[in-house]
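User: I've got a two-chain model open and I'd like to know what the labels rest on. Can you walk me through it?

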Amino acid sequence: MKKKYCLLILTLLLVTGCNEELDCCVQPEQFTVTLNFTHHWNGLKITPQDFNELKFTNENGERLSIERLRYLVSNISLINSKNYHLIDVGENYGTSITFPELTDKSYALSFRFGFSDEDNTDGTYQDLNSISFNVPEILGGGYHFMQFDGKYVDNNNEASGFNYHTIKAVDRTDPDNLKFEDTSFEVNLGTIVVADNTEIEIKMNLAEWFKNPNTWNLNELNTVLMPNFEAQKMMRANGGSVFSLGVVN
Amino acid sequence: MIKPYIYFFAFFLLTYCSSKEEEIYTPIPYNLEIPALFADKLIAPIIPTDNLLTEEGVLLGKKLFFDKKLSGDNTQACSSCHNPKKAFTDQQQFSAGVQGEFGARNAMPLFNLAWNFDERFAWDGKEFGLEQQALEPVSNPIEMHANWNLVVQKLQESTEYPSLFLRAFGASEIDAKLVTKAIAQFERTLISGDSKFDKYLLGETSLTQEEQNGFNVFMDEAKGDCFHCHGSNNNPLWTDNAFHNNGLDTTFQDLGFGTVTGDPNDNGKFKSPSIRNLAFTAPYMHDGRFATLEEVINHYSEGLQKSSTIDPLMKKVNEGGVHLSPKDKNDLKAFLLSLTDREFINNPNFQE
């Protein structure tokens, strides 16, 4: 009789034990989500094949081309840890960013254009150093947020270069007392419900860099914009309307 | 009772197996000494998984690099145009091949090649990967003008090479692929990272006022604006290894990168060379048109030529450039020369 009780208890223990083990090992559902950064000019899609042609016209009426476009986004909110991503449109590099093993079904999707001051530490990121994305120490160091180079047709009807480079703004009026302003900015794209293999399009309208709220005059502001405190602040302001949410599927 | 012939058979097996094992030599992994600044600032060098560096491979590659058997008439080696004492250039505008013919491009210096992350080599980027690059000059009719089959035959018939290849690659049968693998291994060990400016960055020395001002000119977007293409204190390669039209000509005799890509937008673009070791690598530019550093600086300051593919990073092209002051030019040169690495050109591991 004793043996029977022992066997019963042992069986119960095993069964309950197994149940517990099953509960503890149930994996939460995981999703893979991909962000696709796409680029357009007021709705006209831009691919690397559209580079090097004076085919775009900015708000100020200047025809321009794109020759190089690479920019940095950081702290995409799909994951909790710090992250950054370089997107090089001309090289078709980094335009698609995949996040595997997400567990939440809903996200307030946001990211930062560039680096916040906290993350913008000089020389820290080997991959960005290796592609010379740095900002000189005399301008405060850290990294470019964007290098947007091309040519525009100037007032003399000649193609001239422009370097629309965004960095943390620095006021060098007093060389012994540099003043900085964080010109990175957060982009909020609203709440997104995801399922496995959801693809989210994030659109950059390049025309907005020259448009809103500051109508950009390339004949006046074309090169050597990195040390130009006011230009950096204007670029930051125009950046506010550059990104938008595209197709989610 | 075990029969005696069983013992004999077992003994035979053991001795046979052990002698076969002795034939299989495992090469010793090569310890690539990466300068502290490189390790700190840059991503890892490119070492192909199918051609990892070994002591034996590097040694063989070095021997091949200096061996004239690689040319058609046994008069030239790789080192004939890539002299270690000249940072692996020949200080000629164009190099003469075995038949006295001249090419149209300046011999490029060789160092820090494992950090060419895009792996496009040569002025026009025509060769992908160091192994592939090493193939071309050997058979090029205006360079070493050899037939690879005959080169392999010469090496195979030599008394030394078959055993060296066996130790390096486990194969005594030589072919062009193994030759270029060995040369590429040697080339990946050619690291230059010990100049005065490197020591300055490591806190081991200080710069002169001229060198410091020259560095500031280099890093100032309104002056030299050299850093966008030629690295910085945070990129010790001092090149972006990319292709740019730096305003040398209004029309192009040599299309450069455009020949390789077939894209007219790449016409007139050439690889940005590293500005390390400029003291040893004159003349400058892809066609060696500038004999001195002064000429190079003057070009960027006043001599820019406009063309459809000129890089937008070239400033004030309509005025020929940014017109640096004589002092800034002089100081810029002083800074550039602070990237001279005499340890590199005298490194005994790189000499014949």
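Predicted model: local features only at pLDDT ≥ 70, side-chain atom pairs only at ≥ 80, totals over all residues.

User: What makes you say that domain 1 of chain B is in contact with domain 2 of chain B?

Analyst: Two residues are in contact if their C-beta atoms, placed from the backbone, lie within 7 Å. By that rule, 28 residues of domain 1 of chain B touch 30 residues of domain 2 of chain B.

User: How do the residues on the domain 1 side of chain B divide?

Analyst: The side that touches domain 2 of chain B has 14 nonpolar, 7 polar and 7 charged residues. Here Ala, Val, Leu, Ile, Met, Phe, Trp, Tyr, Cys and Pro are nonpolar, Asp, Glu, Lys and Arg are charged, and the others, Gly among them, are polar.

User: Why are the buried residues of H7(B) said to line one face of the helix?

Analyst: First, which ones they are: in H7 (residues 161-169) of chain B, B:Tyr161, B:Leu164, B:Phe165, B:Ala168 and B:Phe169 are buried. Seen down the axis of H7(B), they fall within an arc of 100°, so they line one face. That arc is the one made by the directions from the helix axis to the C-beta atoms. Helices H3 (55-65), H6 (148-157) and H8 (176-188) of chain B are among what covers them. Just after H7(B), B:Gly170 has a positive phi of about 70°.

User: Why is B:Asn241 called buried?

Analyst: A residue is buried if 20 or more other C-beta atoms lie within 10 Å of its own, exposed if 12 or fewer, and partly exposed in between, with C-beta atoms placed from the backbone. B:Asn241 has 24 other C-beta atoms within 10 Å, so it is buried. It sits in the loop between helix H11 (227-230) and strand E3 (243-244) of chain B, and its phi is near 55°, a positive value in a residue other than glycine. Across the 352 residues of chain B, 47% count as buried.

User: Is A:Asn197 buried or exposed?

Analyst: A:Asn197 has 11 other C-beta atoms within 10 Å, so it is exposed. Its phi is also positive, near 65°, and it belongs to the loop between strand E13 (185-193) and E14 of chain A.

User: Which residues does the cis peptide bond in chain B join?

Analyst: It joins B:Ala282 and B:Pro283, with omega about -5°. B:Pro283 is in the loop between strand E4 (270-271) and helix H13 (293-302) of chain B. In chain A, a cis peptide bond joins A:Asn212 and A:Pro213, with omega about 5°.

User: How many residues does each chain bring to the contact between chains A and B?

Analyst: Chain A brings 22 residues and chain B brings 22 residues. On the chain A side, H2(A) gives the most, with 4 residues.

Note on methods
Residues numbered from 1 in each chain as written. Chains lettered and ligands numbered in written order. Helix = DSSP H or I, 4+ residues; strand = E, 2+ residues; numbered from the N terminus.
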